[in-house]
Amino acid sequence: MPLFSKSHKNPAEIVKVLKDNLAILEKQDKKTDKASEEVSKSLQAMKEILCGTNDKEPPTEAVAQLAQELYNSGLLVTLIADLQLIDFEGKKDVTQIFNNILRRQIGTRSPTVEYISAHPHILFMLLKGYEAPQIALRCGIMLRECIRHEPLAKIILFSNQFRDFFKYVELSTFDIASDAFATFKDLLTRHKVLVADFLEQNYDTIFEDYEKLLQSENYVTKRQSIKLLGELILDRHNFAIMTKYISKPENLKLMMNLLRDKSPNIQFEAFHVFKVFVASPHKTQPIVEILLKNQPKLIEFLSSFQKERTDDEQFSDEKNYLIKQIRDLKKTTP
């Protein structure tokens, strides 16, 4: 029995119809309604091959054929480039098709990961999607799927475009800024050894940009950034970054200011970074001097800091530990 009946197009035909009709949509002339309909039908057919139907598993041979056609024709790139021209349901289908084909494995190989590694502009097109509100969230979903694969995460991290995240997480549209932050966080926490290497190599530029996020006018961005910073410096893989970060007096001063922020949530997140400075057994002299200079004030401040958190035993214990550490600090004699 043939794999495809007369009514069902084979992968090569589906790809050709889709490509031809996307080209019509790009021209934006009178034929777009019919082309839009054909695009929707082709995406549905493609999704059916990749995901199967309720009663049928996806046919392995057809999936392999379709994947090959997507690579050879460059359609994977075209679908992202033309995402704004595709209707709402179609955008969802493109996301599903992209993520499905990305997860595809042949033994230990991931052919789509290899394809995107050889065509990295796909990643940067997805990243730039944050600048287009109609496709930003769809691009975010696809980008996070890419980041699951270390070779693709590495391309983004070590690119000039990585710094665009600092702009996207500050966007005025809440949903888009939050989505961008979710991707940013994923990128900085998923592949521990890779990220530690990246942060060590790019410490100055990254933390210079990061400091602006810690002082953001946007409450959500500010809170998420402080929380992520705490997560990063407390991760054992980032020991070298933590050591460098807590050696700098300007970082301690910033955290002390954030402890007095008007938002209790921001104060609480800042506390978890501040405690690393105080608890470190290897404080640099400038850090010791700041803590000594503010010793009585800090003891008084921490004694009454967020007293309402009566049910958080760990927090109370940590607070008491910090008070003791600060109280026990002595001036070193020259």
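Ala 240 sits in helix α15 (residues 239-245), where helices (H or I, at least four residues) and strands (E, at least two) are DSSP runs numbered from the N terminus. With 39% relative accessibility, Ala 240 counts as partly exposed; buried means under 20% relative accessible area, exposed over 50%, and partly exposed in between (1.4 Å probe, protein chains only). Ala 240 and Glu 200 are 40 residues apart in sequence, and their C-alpha atoms are 7.4 Å apart in space.

A word on what you are looking at: this is a predicted model, in which local features need pLDDT of at least 70, side-chain atom pairs count only at pLDDT 80 or more, and totals for chains, interfaces and linings use all residues. Residues are numbered from 1 along each chain as its sequence is written, and side-chain values use heavy atoms, with hydrogens and water left out.

**The chain as a whole**

The protein chain has 20 helices and 0 strands. Its radius of gyration is 26 Å, well over the 20 Å that the globule rule gives for 334 residues, so the chain is more spread out than a compact globule. Here the radius is taken over C-alpha atoms, and the rule is 2.2 Å times the number of residues to the power 0.38. Along the principal axes, the C-alpha atoms fill a box of roughly 90 × 40 × 40 Å.

Of the 334 residues, 49% count as buried. The accessible surface comes to about 17,600 Å², and carbon and sulfur atoms account for 51% of it; such areas come from the Shrake-Rupley method with a 1.4 Å probe, and for residues only the protein chains shown count as cover. Among contacts (heavy atoms within 4.5 Å) between residues at least 6 apart in sequence, 70% join residues at least 24 apart.

For charges, there are 47 positive and 46 negative side chains, and the centres of the two sets lie 3 Å apart. Lys and Arg count as positive and Asp and Glu as negative, while His and the chain ends are not counted. Each charge is placed at NZ of Lys, CZ of Arg, CG of Asp or CD of Glu.

Nonpolar side chains tend to be buried together in soluble globular proteins. In this model, the largest nonpolar core has 108 residues, and those with the most contacts inside it are Phe 98, Phe 162, Phe 184, Leu 188, Tyr 245, Met 255 and Phe 274. The largest share of this core, 9 residues, comes from helix α17 (residues 264-279). A nonpolar core is a set of buried Ala, Val, Leu, Ile, Met, Phe, Trp, Tyr and Cys residues joined through side-chain atoms within 4.5 Å.

Leaving aside neighbours within four places in sequence, Phe 274 is in contact with a list of residues including Leu 252, Met 255, Leu 291, Leu 322 and Ile 326.

Tyr 245 lies in helix α15. The C-alpha atoms of Tyr 245 and Ile 233, 12 residues apart along the chain, are separated by 8.0 Å.

**Some buried residues**

| Residue | Relative accessibility |
|---|---|
| Val 195 | 1% |
| Tyr 245 | 3% |
| Thr 221 | 3% |
| Gln 306 | 6% |
| His 149 | 17% |

Val 195 belongs to helix α12 (residues 192-201). Setting aside residues up to four places away in sequence, Val 195 touches Leu 157, Leu 187, Leu 188 and Thr 189. Val 195 and Pro 249 are 54 residues apart in sequence and 24 Å apart in space, C-alpha to C-alpha.

Thr 221 is part of helix α14 (residues 219-234). With residues up to four places away left out, Thr 221 touches Val 169, Glu 170, Phe 181, Leu 213 and Ser 216.

Two of the tabulated residues are found in loops. His 149 lies between α8 (136-147) and α9 (150-157), and touches Leu 102, Val 113 and His 191, not counting residues up to four places away in sequence. Gln 306 lies in the loop between α19 (295-303) and α20 (313-327).

Most residues other than glycine have a negative phi. Gln 306, although not a glycine, has a positive phi of about 45 degrees.
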